Amino acid sequence: MSDGADNLLGMARPPRWQATLDASVEEACLAVRLYNDSAEARAFEGFVIHMHLAWLYLLHAEFVRDDVDFRYWDPNFKKRLLKIDGEPKRWELERSMKERWSVDSDPVRANLALFIKLRNRLEHRHAHADEALMLNLAGHAHALLVNYETELTNQFGDTQSLALRLRLPIFVGTFTSQGEQALRRFRKTLPADLRSFVTDYESGLDEEVIGDSRYEFRLRAMVELAPKDPDAVAMQFTRYEDMTEEERAIAEEMGRRGQVIVREQKRPVSGLGRLMPKPAAAEVESGIPFVFNVHHFTAAWKRKGVRPRVGDPNPDRTNPDFCVYDEPTKSYRYTKAYVNHLIKKCSTPEGFEETTGMVARGKATDSLSVD
């Protein structure tokens with residue numbers, strides 16, 4: 001169907017990144033299904049491979065949205081792309097990860113880098129170690145998924161959440177002392193070279209990173225025998241920060257009894273996650289080495305055409321990735337994705353001038369002194 005036909009039917013074309021994002025979410029859902037399938041012989045290997053693809057497509061969707069060129073160019077010919085089977089060669093996950101998180105001590109990057117390194121080992125051998133590896137790296141795998149969910153919803157909104165597609169699995173964990181001991185013994189069956197692989201990798205990380213839940217996700221689960229309550233749900237969760245010191249001590253003393261991923265429900269809130277121009281400009285300025293105020297912010301959205309100008313008869317025709325028109329207040333609200341886009345674009349003098357049309361001016365750091 002042509003663009004003109006789409007417009008006549010009142011159907012907006014999906015954004016360029018949508019197909020890539022949809023593929024990413026499908027890969028993540030498949031990864032979780034494999035992980036939770038006890039009949040799957042190589043469930044953990046499948047989880048790692050498909051989460052690898054999910055992360056790759058997610059970051060590529062962000063690059064498409066933010067106009068980041070993630071193709072490889074021939075170093076010998078400036079205007080020639082490197083190609084594989086006729087298609088431009090695009091950044092692999094490791095290169096994409098470094099673009100998204102420039103600091104290697106970031107816990108999210110450290111967790112993702114672990115699974116990138118692990119993937120090659122799993123694809124070539126150790127089929128018999130799959131279950132033992134799953135048990136040893138369960139917390140890291142949960143963190144990989146939770147980090148993905150966080151990146152997905154922060155970048156593309158809560159409507160993309162995996163919580164709308166996945167359900168909490170029914171499972172039998174180590175709720176008996178015999179089951180706990182059996183799992184402890186089974187954990188030791190992991191081949192020595194894979195145990196040393198994880199140990200060697202973590203030896204290069206700071207203790208702060210290793211203890212961060214974004215690197216390894218840990219939860220305590222406690223079985224509660226309670227009378228039936230028609231208003232109660234089958235499973236209830238208490239957040240750690242809501243517990244008293246005594247309750248925390250009891251929970252920690254109980255030891256490892258199981259793991260569950262919990263995502264806090266988002267209540268409907270008007271403008272959730274959106275920013276007005278002044279706080280949006282302040283966030284951009286805090287992330288770049290230059291002065292960036294509302295004047296620069298206005299110039300940036302005008303040059304990019306992020307939203308219609310004042311007086312436009314169609315005020316709702318915005319770039320929805322970056323800006324949303326609020327009908328009741330007749331105002332515009334900007335997304336975190338747009339703030340991140342401006343931070344990335346305005347981090348260099350050349351990018352600042354291209355984005356705003358103005359010369360970048362460094363922040364004043366020296367205070368006045370009297371001789």
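View 1. E151 is buried, at 6% relative accessible area (buried means under 20%, exposed over 50%, partly exposed in between; 1.4 Å probe, protein chains only). The model is predicted: local features need pLDDT of at least 70, side-chain atom pairs count only at pLDDT 80 or more, and totals for chains, interfaces and linings use all residues. Residues are numbered from 1 along each chain as its sequence is written, and side-chain values use heavy atoms, with hydrogens and water left out. E151 forms a salt bridge with R100, with 2.7 Å between the closest N and O atoms (a side-chain nitrogen of Lys or Arg within 4 Å of a carboxyl oxygen of Asp or Glu). This pair connects distant parts of the chain, 51 residues apart: E151 lies in helix α7 (residues 138–156) and R100 in helix α4 (residues 93–100) (helices are DSSP runs of H or I, at least four residues; strands are runs of E, at least two). R100 is partly exposed, at 27%.

**View 2. The network of R16, D67 and K304.** Salt bridges with shared partners join R16, D67 and K304 into one network. The R16–D67 contact is 3.1 Å, N to O, and the K304–D67 contact is 2.4 Å, N to O. K304 in helix α13 (residues 294–304) and D67 in the loop between α3 and β1 are 237 residues apart. R16 is exposed at 61%, whereas D67 is partly exposed at 38%.

View 3. E207 is in helix α10 (residues 207–210) and is exposed, with 64% relative accessibility.
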